[in-house]
Number of protein chains: 4
Amino acid sequence: MFIKFLTAGGTIDKVYFDAKSDFQVGPPNILTVLDSLNLGFEYFVESVLRKDSLDLTEKDRHAIHATVTKDTADKIVITHGTDTMVETARHLADIKGKTVVLTGALEPALFKTSDAVFNIGCAVAAVQTLGPGIYVAMNGRVFSYDRVRKNVRLGRFEEIQ
Amino acid sequence: MFIKFLTAGGTIDKVYFDAKSDFQVGPPNILTVLDSLNLGFEYFVESVLRKDSLDLTEKDRHAIHATVTKDTADKIVITHGTDTMVETARHLADIKGKTVVLTGALEPALFKTSDAVFNIGCAVAAVQTLGPGIYVAMNGRVFSYDRVRKNVRLGRFEEIQ
Amino acid sequence: MFIKFLTAGGTIDKVYFDAKSDFQVGPPNILTVLDSLNLGFEYFVESVLRKDSLDLTEKDRHAIHATVTKDTADKIVITHGTDTMVETARHLADIKGKTVVLTGALEPALFKTSDAVFNIGCAVAAVQTLGPGIYVAMNGRVFSYDRVRKNVRLGRFEEIQ
Amino acid sequence: MFIKFLTAGGTIDKVYFDAKSDFQVGPPNILTVLDSLNLGFEYFVESVLRKDSLDLTEKDRHAIHATVTKDTADKIVITHGTDTMVETARHLADIKGKTVVLTGALEPALFKTSDAVFNIGCAVAAVQTLGPGIYVAMNGRVFSYDRVRKNVRLGRFEEIQ
């Protein structure tokens, strides 16, 4: 089994710069997480974007779409900022023959209390158990791209009834 | 969505007793993990056994079987020691109409480097995406109960070809 | 032995707000740290300010000075932002008969890789082993208030030769 | 400033071996801790022993004594198991002209909840602020070697009145 991980920035990759007293999107944390886990499958991590997801443009979403389409892998996990994760998922809806799972974190992966490792676990299981399609794995739930929204007030993704 | 978690001891729940310079199986760690995650589903944790999995007897496996069968939930995650996880999974093979996923950890959940949170994430996604059956989620892989073994030397679960 | 802890905000207490994609100074983290440590002395934590240290005004430093002076404790640890920690330390230089140690962190205490717990350890030892005076404990060094500066480029406090 | 760290095993360095379902004393964790902290002093870590402190013999204590005596450093921190830390400290009492601080942990350094990093912080501050002598830094207190005992029931070091 092979899983391709694409990273598109977002909270999961936020780091803190003391010199600026500021948090910014840093290099992907997911490789460190994966390498520490003695995993039973092959994987490769590729950084596509390094942005806050509120700053993603139409052009950025085209770049993600193109990267997914061109990739030879049929199991793809994308880490992405949570604010526009659903929007990007919808942008990928026309891709056929691949299982694509978007995930991210509500707290930076570097935080002791981050949900990042749990969410990556969910995405890794979902991408191998589900058939082709575009999915979002957040808050312990796996959603189809067209049945999910972020509830900003609760800080939680939920099903659209 | 509702997921029932049953705990059967094992490495995942090992704690350290300074007074005895010894590690023993403690109370389930999974509740603390789940409660910290702002999850988008209902769940309940029940402790069935608190043992090293090498010490599990036939009677213990009957107890696990009976608990799974009687439970009204159709999505059940069992945390279990890794040494005999596959044996217990096979013992549950005749249970129909439920999705049951066994998971655990190769390092205690209290360790900074533990695989516990990632594995629980995998199990939570697998139990909601898979149909009825008995599965093992370890090392980032989701296996059918009859296609998996623990490779003790590599510290890794692998598919039986 | 009794140690009074005063908190004045800074990086050590930064938290992340997903709703705003922003980091802000939150409630003191030090109480959680201290309570987890089974300490062999009495202590009390009091929040004086909750600000980035670059935003501290003359009035804020007067407030810290007044709180230290009025407090009946003779061993006081102050957690403080790093950018103006030395400035505040100098402002306290005229206080007699008390051992006061300022410390903080270059990464928020909630980060896995934070120096907060180590620095608090240094401050706790320094405040009980040193005589009256004003000190800064950072980067594993204990400095007199008039012999230290922050080297912003290296992210490290160093002795003034 | 230069600090020499000697490691003598104990709980602080306990690791977990899944293959044996067992905890054993592993290689020193202190180097990883120190290297992550951007410290403002020079240091070197040397492993003297790798044992549970209950298993230390008279010969082992001679080896620690000889290592401290021969070392050119005058600031030495020793990590040691807690059960016989005080006994070793007393064994070193005749060493003149050096500041020696023994510390350790009541939970392995690899545990999320370990006191190891805090205790090392205490020891690092104590070794640079105190004059020559043999000290124990545990539970946030710095004790002279002849005024301390471990209260096993409370899991805490305390002053002998």
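How much area do chain C and chain D bury between them? In this predicted model, the value comes to about 2200 Å², with 59% of it on carbon and sulfur atoms.

The contact draws on 25 residues from chain C and 25 residues from chain D. No salt bridge is found across this interface, the count being zero, whereas 17 residue pairs are in polar contact. On the side of chain C that touches chain D, the elements giving two or more residues are H4 and S8 of chain C. Of the elements there, H4(C) gives the most, with 10 residues.

The chain holds an open sheet of six strands in the order S4-S1-S5-S6-S7-S8, with mixed pairing. Strands S4 (42–51) and S8 (141–144) of chain C each have a single partner strand, so they stand at the edges and one side of each is left without a neighbour in the sheet. On average, and with direction ignored, neighbouring strands of this sheet are turned by 20 degrees against each other. Strands of a sheet in general pair through backbone hydrogen bonds, in either a parallel or an antiparallel way. Here, strand S1 (residues 2–9) of chain C pairs with S4(C) in the parallel sense, over seven bridges. Within this pair, C:Phe5 stands opposite C:Val45 in S4(C).

Two helices can be followed against the sheet. Helix H4 (residues 116–129) of chain C packs on the sheet and touches S1, S5, S6, strand S7 (133–138) and S8 of chain C. The direction of H4(C) makes about 170 degrees with that of S6(C). Helix H2 (residues 58–70) of chain C lies across S1, S4, strand S5 (75–79) and strand S6 (99–103) of chain C. H2(C) runs at about 165 degrees to S4(C).

Attention can now turn to chains B and A. Here 25 residues of chain B are in contact with 25 residues of chain A, and the buried area is about 2200 Å², of which carbon and sulfur atoms give 59%. The count of salt bridges between chain B and chain A is zero, while 17 residue pairs are in polar contact. Helix H4 (116–129) and strand S8 (141–144) of chain B each supply at least two residues of the side that touches chain A, and H4(B) gives the most, with 10 residues. That side of chain B divides into 14 nonpolar, eight polar and three charged residues.

Notes: Residues are numbered from 1 along each chain as its sequence is written. Chains are lettered from A and ligands numbered from 1 in the order in which they are written. This is a predicted model: local features need pLDDT of at least 70, side-chain atom pairs count only at pLDDT 80 or more; totals for chains, interfaces and linings use all residues. Side-chain values use heavy atoms; hydrogens and water are left out. Two strands pair if DSSP finds at least two bridges between them. Helices (H or I, at least four residues) and strands (E, at least two) are DSSP runs, numbered from the N terminus. Axes are lines fitted to C-alpha atoms, for helices over the stretch in contact, and angles run from 0 to 180 degrees between N-to-C directions. Contact means heavy atoms within 4.5 Å. Buried area is the accessible area (1.4 Å probe) that two parts lose on being put together, summed over both. A salt bridge is a side-chain nitrogen of Lys or Arg within 4 Å of a carboxyl oxygen of Asp or Glu. A polar contact is a pair of N or O atoms within 3.5 Å; within protein, one must be able to donate a hydrogen and the other to accept it, and residues adjacent in sequence count only if both atoms are side-chain atoms. Ala, Val, Leu, Ile, Met, Phe, Trp, Tyr, Cys and Pro count as nonpolar, Asp, Glu, Lys and Arg as charged, and the others, Gly among them, as polar.
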